[in-house]
Amino acid sequence: MSAKTTLAADYRRLMLHRMIWLGLMFCVLVFIVMLNVSIGPAKLSFGQIVTGVFNSSSLTDNENLILWQLRLPYALMAVCVGACLGLAGAEMQTVLNNPLASPTTLGVMHAATFGASLAIVFKFIPFGLPENYVVPFCAFTGAIGAVLFIQYFSKRFGATVDTVILVGIAMFFALEAMISLIQFVADSDSLQQMVFWTMGSLARATWEKVGIVFLVFAICLPFSIRQVWKMTALRGGEEYAKSFGVSVERLRLIVLFRVSVMTAVAVAFTGVIGFVGLVGPHISRLAFGEDHRFYLPGAALAGAFILAGASILSKTIVPGILIPDGIVTALIGIPLFLGLLINQKRRGK
Amino acid sequence: MSVLHIQDMTLSYGAKTVLSDIDLPEIQGGTMVGVLGPNGVGKSTFMRALAGVGDYSGRVFLDGENVEEMTYLQRSGLIGYLPQTLPQGTSLVAYEAVLSACRAVRPDLSASVVEDMVEEVFDVLGIRHLAFHALSKLSGGQRQMVGLAQVIVRKPSLLLLDEPTSALDLRWQLGVFDVVKSLVKQRNGICLMPIHDINLALRHCDQILLFSRGGILAYGPPEAAMTEENLRIAYRVEGRVETCSQGKPYVIAETALPFSE
């Protein structure tokens, strides 16, 4: 560093570097989505897909149906859900000051599973909802119920990291017990559905569902962006952030609420997909550090990347069989994550 | 010209009252106050209360305005508080830590103004070379310097620095005192600084505030506040207070006394 350059100029160079990487990641993601769309039992070539997306008359009706009603929603659902979970995990890790935190930490996914199980086993249909929305609706309601409970409890007894995590963990186990109870009384058909739900699958994706998840992500993102500096300051330590005048507990409750809504919506349609929200933020942190202007979009991109990649594998490992994405995500995510970690340790960074 | 006036302050830690009847004469701008006292007497609780992070009863006026009635934004513009803990060792680089400390609470300042302020503070503290190192890769002392940078970057007129030199070697200790002193004199601000190194405090501070047994034992210039008698009462230590060749008081601790009298 020469004495002439200012720190601000040096930092701008670092930011440019990070922006280029973000851009590259985005390009790779677009490529993966295209690849995802082109893979499947009906033999459509990559070129056919690309032209088909821009000019649907180049494909037969049947091919159009496969492209627009099956493959595209499936591939885009992977991106939207992955982005939601990645962003949610990143914010969760910051406000709970814990790299092990993820959208699952506070029992949101378990609450969603609980809601879904109720719907599957007792087959009740609230407000005359269309059939394929009953389970997502109940899952979402369960998750939001859990969130509100944590919010109420934390507001009442102080939203310190310890309180929030302990309440979350207590709820986690209580929900697990209740889910087991429902499983115990369920008939074998419902039981199978429940188990399938907990494996997480993108197969039920439709344009409507993609739209809803995307909309929630798009609504939450600006709020995340508004708080990037406070969140970045919080990484220096809670005491410090408070000392600058950041109202940390308020920030924590707001962020937890936003994160939980995003998670609830994402998993309501797919079932439990746990790993993305834990690993996405780690990958982003390794690549972009913790300036939240880059860390948050990086985590969303990384989440989308992992789930999109996993969804390709879930189609291709056993041709003709769609292995639930929740399973594949963990199976490819763990080696990827460990590889990055080991590489980082080797370089001594 | 800053003036700090603390009236009838009582501090509790949970249900236990830690310090009571804190009444101080007005502290004028340009004053460095060393806050002394044994472990657990309530120095940090006192700092947290003044910073608006901890609860207290009583009244604190800064420039005639009740601190309790200030908004977050007002307070963060006027008061800079350095907690006793070190900044967390994360992958945030030092520059980001200082930049975010400023931008998180001063949305009213433009990005370029903030950049200039950050630039200045890294120069003033002599830690430019650390700017792009992750906090997790810095030593304790270096992180303490970054923490200090986060606080003084906003140029507050009331500095509350809780043991800012606890992790620093001799040279950096002196460096910190130089910077803080010149900042206080330049801006006519006030600095309150709890510190364990009595001699460092006696040498560099204009006033000494000595806490003992739940209240103020002494407040005044170093030579008046730190006597052998006060040393005995506050710290339970038998020692001598000598005068060094430059006329400053110097404490030599000799024997520890039993706690019960």
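In the hairpin formed by S1(B) and S2(B), two residues lie between the strands, and B:Gly14 adopts a positive phi near 70 degrees. The model is predicted, with an ipTM of 0.86 and a pTM of 0.89. Chain B contains an open sheet of six strands with mixed pairing, and 24 residues of chain A are in contact with 32 residues of chain B.

**Confidence**

- Chain B has a mean pLDDT of 90, and 99% of its residues reach 70 or more.
- Within chain B, S9(B) has the highest confidence, at 95, whereas helix H2 (residues 72-78) has the lowest, at a mean of 82.

**The hairpin of chain B**

- Strand S1 (residues 3-13) and strand S2 (residues 16-22) of chain B pair in the antiparallel sense over four bridges.
- In this pairing, B:Met9 stands opposite B:Ile22 in S2(B).

**The six-stranded sheet of chain B**

- The strand order of the open sheet is S7-S8-S9-S4-S10-S11 (chain B).
- Strand S7 (79-82) and strand S11 (215-220) of chain B are the edge strands, each pairing on one side only.
- From one strand to the next, the twist averages 15 degrees.
- Helix H1 (residues 43-51) of chain B packs on this sheet, where it touches strand S4 (31-36), S7, S8, S9 and strand S10 (207-212) of chain B.
- The direction of this helix makes about 150 degrees with that of S9(B).
- Strand S8 (residues 158-161) and strand S9 (residues 190-194) of chain B pair in the parallel sense over three bridges.
- B:Leu160 stands opposite B:Leu192 in S9(B), and B:Leu160 is also among the residues with the most contacts inside the largest nonpolar core.

**B:Val33 in the sheet**

- B:Val33 belongs to strand S4 of chain B.
- B:Val33 counts as buried because 21 other C-beta atoms lie within 10 Å, the threshold being 20 or more.
- Not counting residues up to four places away in sequence, B:Val33 touches B:Ile27, B:Cys191, B:Leu192, B:Met193, B:Cys205, B:Gln207 and B:Leu209.
- B:Val33 and B:Gly140 are 107 residues apart in sequence, and their C-alpha atoms are 25 Å apart in space.

**The largest nonpolar core**

- This core has 181 residues, and those with the most contacts inside it are A:Cys84, B:Val98, B:Ala149 and B:Leu160.
- Helix H3 (residues 61-95) of chain A supplies the largest share of the core, 19 residues.
- Apart from neighbours within four places in sequence, A:Cys84 is in contact with A:Val213, A:Phe217, A:Met262, A:Thr263 and A:Ala266.

**A:Met92 in helix H3 of chain A**

- A:Met92 is found in helix H3 of chain A.
- A:Met92 is classed as buried because 25 other C-beta atoms lie within 10 Å.
- Leaving aside neighbours within four places in sequence, A:Met92 is in contact with A:Ala101, A:Ser102, A:Pro103, A:Thr105 and A:Val259.
- One of these partners, A:Pro103, is eleven residues from A:Met92 in sequence and 6.7 Å from it in space, C-alpha to C-alpha.

**The interface of chains A and B**

- The contact involves 24 residues of chain A and 32 residues of chain B.
- On the side of chain A that touches chain B, the elements giving two or more residues are helix H1 (7-38), helix H9 (228-235) and helix H10 (238-244) of chain A.
- The residues on that side of chain A divide into eight nonpolar, eight polar and eight charged.

Methods:
Residues numbered from 1 in each chain as written. Chains lettered and ligands numbered in written order. Predicted model: local features only at pLDDT ≥ 70, side-chain atom pairs only at ≥ 80, totals over all residues. Pairing = 2+ DSSP bridges. Axes fitted to C-alpha atoms, helices over the stretch in contact; angles between N-to-C directions. Contact = placed C-beta atoms within 7 Å. Core = buried A, V, L, I, M, F, W, Y, C linked by C-beta atoms within 7 Å. Buried ≥ 20, exposed ≤ 12 C-beta atoms within 10 Å, placed from the backbone. Nonpolar A, V, L, I, M, F, W, Y, C, P; charged D, E, K, R; others polar. pLDDT = per-residue confidence, 0-100.
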